[in-house]
Amino acid sequence: MLHDNLTINSQGHLEFAGVDTTELARTYGTPLYLMDENRIRARMRLYRDAMKKYFGGESGPLLASKAFCCKAIYRIAAEEGIRTDLVSGGELYTASAAGFPLERAYFHGNNKTDADIRQAMDAGVGHFVVDNAEELQAVSACAVQRGQTQNILLRLTPGIDPHTHAAITTGKVDSKFGTAIETGQAAELVRVALRMPGIRLVGFHCHIGSQIFDVIPFCDAATIMLRFMAQMRQEGYEAQVLNLGGGFGVRYIEEHPVIDYEAAIAQLAAHIRNTCAELKMPMPTVLMEPGRSIVADAGLTLYTVGSVKTITGYKSYVSIDGGMTDNPRYALYQSDYTVLLANKASLPADFRATIAGRCCESGDLIQEDVLLQKPVRGDLLAVLVTGAYNYSMALNYNRVPRPPVVMIRDGKPYVAVRRESYADLTHLDE
């Protein structure tokens with residue numbers, strides 16, 4: 001199977017995290033998000049321990065909230081002793097409601113409102129990742145008004161193209177995120193930040209993109225960032241922290257390579273250590289923001305097949321009871337997925353079809369031209385590796401309620417997020 005938390009039992013059914021998916025669908029209904037808590041914890045520990053081992057000091061991972069956000073994930077992150085990043089007031093509110101220690105949080109976003117800034121300072125967020133000059137002024141003014149000093153990192157763009165999908169590339173010079181090193185604007189922003197009252201500049205942040213299978217682009221970004229840090233050191237400012245963002249990829253299909261995350265961290269650490277030695281500068285505290293690679297393959301979504309329609313001489317459609325409302329990633333950027341019939345998982349996948357959602361949009365598709373077992377109405381379709389950017393991006397188009405999230409820990413399922421009801425859809429209506 002694609003990942004080792006997937007198996008086929010003696011009944012020919014797909015098992016996920018040791019539990020028969022057909023039983024889970026029978027108990028909780030479909031569409032249904034499943035999350036493997038044991039796998040999430042194991043991946044958090046891998047990053048935490050590997051970064052401590054190879055980078056040393058206070059280096060470590062931050063859970064990237066945008067990949068998967070609910071109270072349960074923040075409780076898990078708190079218990080595993082890792083940090084988190086936040087990109088909105090809603091994520092901040094959720095983390096706070098879960099009891100996450102917000103001094104271990106980093107507040108991102110390319111357009112923090114004044115209300116966002118006040119909310120984060122009220123909550124005691126440890127660090128702001130400041131995107132631009134206007135935000136720098138706003139954070140400074142808010143901190144001065146409160147008589148406090150706010151720790152910040154500056155988000156910089158190193159000018160790296162990791163050759164991933166354009167929609168998830170974020171480190172190029174012309175990105176909407178951050179301030180460019182190449183143009184000289186980053187250096188000027190540092191000089192301004194160091195003169196600003198109410199803030200303490202502790203280091204720099206970059207993020208080059210997502211779903212990257214090669215460690216070399218991260219090494220290239222680290223080289224650019226470290227050279228910039230060396231330049232600032234010559235001007236009298238020594239940064240303590242380098243946050244390299246996230247981006248390591250995950251296998252969605254068999255063709256995707258397997259990443260040894262610990263080996264990649266070790267290679268990146270060796271490169272940073274060598275580069276620091278060449279630049280005659282101390283090793284900074286290194287942070288990373290692995291969201292997708294912590295939660296993606298810890299997730300799976302189940303649907304019930306509604307109809308199978310073959311257009312003679314053209315193609316076949318398999319329609320399901322979910323779609324772009326619970327997984328908009330294919331509609332947004334044609335994301336690859338592995339699909340199969342969970343109740344017929346041991347049978348040959350020899351039926352070619354397009355998986356269509358229930359929304360009144362022709363672009364509401366999950367996958368096109370894929371092979372799966374021959375389906376009929378009532379079969380259970382599984383889409384693998386949906387733990388990242390599925391629940392967090394879900395929407396209510398066509399007034400479709402969002403599915404529940406069921407966590408599985410040590411073979412025992414529990415509801416982490418309940419299924420939305422029709423009443424939930426109207427509770428804000430006047």
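Okay, so Phe 68 and Tyr 391 are both buried, where buried means under 20% relative accessible area, exposed means over 50%, and partly exposed is in between, using a 1.4 Å probe and protein chains only. Before I go on, this is a predicted model, so local features need pLDDT of at least 70 and side-chain atom pairs count only at pLDDT 80 or more, while totals for chains, interfaces and linings use all residues. Residues are numbered from 1 along each chain as its sequence is written, and side-chain values use heavy atoms, with hydrogens and water left out.

Back to those two rings. The centres of Phe 68 and Tyr 391 are 6.0 Å apart and their planes sit at 65°, so this is an edge-to-face pair. For ring pairs of Phe, Tyr and Trp (its six-membered ring), the centres must lie within 6.5 Å; planes under 30 degrees apart are stacked, over 60 edge-to-face, and the rest tilted. Phe 68 is in the loop between β5 (60-64) and α3, and Tyr 391 is in the loop between β19 (380-384) and β20 (405-409), 323 residues apart. Helices here are DSSP runs of H or I with at least four residues, strands are runs of E with at least two, and both are numbered from the N terminus.

How many aromatic pairs does a search of the whole structure find? There are 10. One of them is Tyr 47 with Tyr 261, a tilted pair at 5.9 Å centre to centre with 40° between the planes. Tyr 47 lies in helix α2 and Tyr 261 in helix α9 (residues 261-279), so this pair ties together parts 214 residues apart in sequence. Tyr 47 is buried at 1% relative accessibility, and Tyr 261 is buried too, at 8%. Ring pairs also join Tyr 47, Phe 218, Phe 248 and Tyr 261 into a cluster.

Now stay with α2 and look at its neighbour. The axes of α2 (residues 37-55) and α3 (residues 71-80) come within 10 Å and cross at roughly 40°. The axes are lines fitted to C-alpha atoms over the stretch in contact, with angles from 0 to 180 degrees between N-to-C directions. That makes α2 oblique to α3; under 35 degrees would be roughly parallel, over 145 roughly antiparallel, 65 to 115 roughly perpendicular, and the rest is oblique.

Who meets whom? From α2 there are Glu 37, Ile 40, Arg 41, Met 44, Arg 45 and Arg 48, and from α3 there are Ile 73, Ile 76, Ala 77, Glu 79 and Glu 80, contact being heavy atoms within 4.5 Å. The buried residues of α3 include Ile 73, Ile 76, Ala 77 and Glu 80. Just past α3, Gly 81 has a positive phi of about 75°.

Most residues other than glycine have a negative phi, and most peptide bonds are trans. Thr 30 and Pro 31, though, are joined by a cis peptide bond, with omega about -10°. Pro 31 sits in the loop between α1 (21-28) and β4 (32-36).

Gln 334 has a positive phi near 50°, and its relative accessible area of 46% makes it partly exposed. Asn 398 also has a positive phi, about 60°, and lies in the loop between β19 and β20.
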